[in-house]
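The report below goes through selected features of a predicted model. Please keep the sequence and the structure in view while reading.

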Amino acid sequence: MSRKSFPLRPSGGELRDLDKPGYYRGYSTLAQKRSWDEATQRAVRERVEKTPPIRFFSPEEADLLGAVIDRIVPQDDRAEERTIPILPVLDERLFKNSLEGFRYEDMPPDRDAYRLAIKAIEEMARARFRKSFVDLTVQRQELILKSLHDGKPDPENALWRNMPVHRFWTLLMEDCVTAYYSHPWAWDEIGFGGPAYPRGYMRLEHGLPEPWEKDEERYKWNAPVDSLSQLEPEGASPEHRSPQGHGGTH
Amino acid sequence: MSFVLTTALERSANWNLPQPLSAGVTSVLEHMREGCFQRSLCFIVAATSVASGLEVGYEHYKGSYSNPVMYTPVALSGALAGAGLAGVFSRVAARTILRWTSLATLADGLVGFFFHVRGVARKPGGWGLPVNNIVMGPPIFAPLLFATSAYLGLLASYLRREEDLHRPTVQLQSSVNSGKSDWRAELRAGRFQKHLSTVTVLWALFSGFEALYSHYKTNFRYKAQWTPVLLTPLLMAAGIGAVKSRRFANTALPAVSALALADGAAGFYYHARGIARRPGGLKKPMYNTLHGPPIFAPLLFAACGFLGLMASLLRREKR
């Protein structure tokens, strides 16, 4: 059983054989830390060096949610020791119960929402494939998650009557993206300069690159052959597509 | 006999130009050599201080005159322009008002330099982020460049007037009174080539550095932006050479200075074009001059070339 499916370069070889994913070879945001102030340096350094322990989820819940996150933000293109922690960051947030400051009236509080969803996903896996979600193949896991993404849980599960699927999906997506793109290694991947204070920007016009910016070096790559998200690029149903338009991208 | 620029120019004028013109060139060169160009230099001082006054006026407007001291260069450049004009017409004004106004403006340039250095230090990150803060902070050498016209004004106040050329009494009197090593006497006799070459070197350094970092700010989009940066070391080398050798002062210095002068003029055109090409172009002249390429900055670089050319037409100190 394959835990991961590898994105490949058409020229041959896996993406994880690159020194890092993304189009900015050799670029490192952390190399610029001298242009940040003390507090900023500390905050960014802790994201790399201090991965919070799992304290909110039980080990079983953590395993399942970890498998879900592996499918939502696959890090197959990253070497093992350069994997960005997403579950620990989410766990930390729920452990401290730090919330966004608002909640949809049809949604339970974030902590309950995650517990409920984990239970529902596990029940769906057992109902459809007679196995625990974590033991399913990548493609079967994706089939279940795709049905959640589409807002039509397959198989139907009574637990989803307690919370709208598309709202939970958005919540999960935001947590994953926030955790991933607040990590300096993700900044290396997208060529982002990191905190702008106190250095700021000097090339303010004509879209000129800052001195520290690196030119994009694009290359072609193929999605994993069993990837479901490639089948219907516009598969997301309109009612849960977000106004920013990221609804259909996962 | 080695090559002497003024002699060569005079000979060339005599050969190539019709009579009234060649006489004019000869007399201008003679006036310069003898230090009898107070009126002309006063006029140049007036013109350059109008330009630098406009420049500092809008640059400080951009800085919203956050410190009252930012008004001083604007006021002083107006005063200097007035004093320069007065000096064109009156010997007394040139020796008194112009001299004191120039000294005050020079001092203001030094004070401004201090404030600009402090301004860079006060930006977030201070001197810990030197590149960013020099590029984005107050232009560090601009106050010293602003003092160019004041410096010329000070020189002008010690020169003789054009009509004094064939009045030996004044010259004799001064050299008898003060001895030949007195710097005032040397200025009056047009003997300050080495001094002016030194000044050219310093000014080239300042304005070349300004060109370097402000063109770096726009990532050297145009190849022409490299020219002042490349000319600066040449001009500095020529200036240093001119201090050491008379031959340099008559050959390399005027050649490189003329290049710098032409480069400054071309830069002025490019900067003006840059302003016109901004969105809104000439329909928003104030806004685009404020936020576009600094329109008078290339003229400051041209001023270095002017100083160098002037130096090469003077006589050397006796010391």
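## Fold of chain A

In this predicted model, chain A contains seven helices and zero strands, so that its pattern along the sequence reads α-α-α-α-α-α-α. Of its 250 residues, 19% count as buried. Among the contacts in chain A that link residues at least 6 apart in sequence, 70% join residues at least 24 apart.

## Helix α6 of chain A

Helix α6 of chain A covers residues 165-181, which makes 17 residues, and from its first C-alpha to its last it reaches 24 Å, close to the 24 Å expected at 1.5 Å a residue. Its buried residues are F168(A), W169(A), L172(A), D175(A) and A179(A). Viewed down the axis of α6(A), these buried residues fall within an arc of 130°, and they therefore line one face of the helix.

## A loop residue of chain A

The loop between α5 and α6 of chain A holds E156(A). This residue counts as exposed because it has 11 C-beta neighbours inside 10 Å, where the cut-off for exposed is 12 or fewer. E156(A) lies 7.6 Å from M124(A), C-alpha to C-alpha, although 32 residues separate the two in sequence.

## Helix packing in chain B

In chain B, helix α3 (residues 38-62) and helix α4 (residues 71-89) pack at an angle of about 165°, with their axes 8 Å apart. Angles over 145 degrees count as roughly antiparallel, and α3(B) and α4(B) are therefore roughly antiparallel to each other. The crossing in which α3(B) passes α4(B) is left-handed. Residues making this contact include C42(B), A46(B), S49(B), G53(B) and G57(B) of α3(B), together with S77(B), A81(B), G84(B) and V88(B) of α4(B).

Helix α4(B) also packs with helix α9 (residues 148-158) of chain B, at an angle of about 30° and with the axes 11 Å apart. Because angles under 35 degrees count as roughly parallel, α4(B) and α9(B) are roughly parallel to each other. Here too the crossing is left-handed, as α4(B) passes α9(B). The contact is made by L80(B), A83(B), G84(B) and G87(B) of α4(B) and by S149(B), A150(B), G153(B) and A156(B) of α9(B).

Note on methods. Residues are numbered from 1 along each chain as its sequence is written. Chains are lettered from A and ligands numbered from 1 in the order in which they are written. This is a predicted model: local features need pLDDT of at least 70, side-chain atom pairs count only at pLDDT 80 or more; totals for chains, interfaces and linings use all residues. Helices (H or I, at least four residues) and strands (E, at least two) are DSSP runs, numbered from the N terminus. A residue is buried if 20 or more other C-beta atoms lie within 10 Å of its own, exposed if 12 or fewer, and partly exposed in between; C-beta atoms are placed from the backbone. Two residues are in contact if their C-beta atoms, placed from the backbone, lie within 7 Å. The expected span of a helix is 1.5 Å times one less than its number of residues. The arc is that of the directions from the helix axis to the C-beta atoms. Axes are lines fitted to C-alpha atoms, for helices over the stretch in contact, and angles run from 0 to 180 degrees between N-to-C directions. Angles under 35 degrees count as roughly parallel, over 145 as roughly antiparallel, 65 to 115 as roughly perpendicular and the rest as oblique. A crossing is left-handed if the near helix is turned anticlockwise from the far one by less than a right angle, and right-handed if clockwise.
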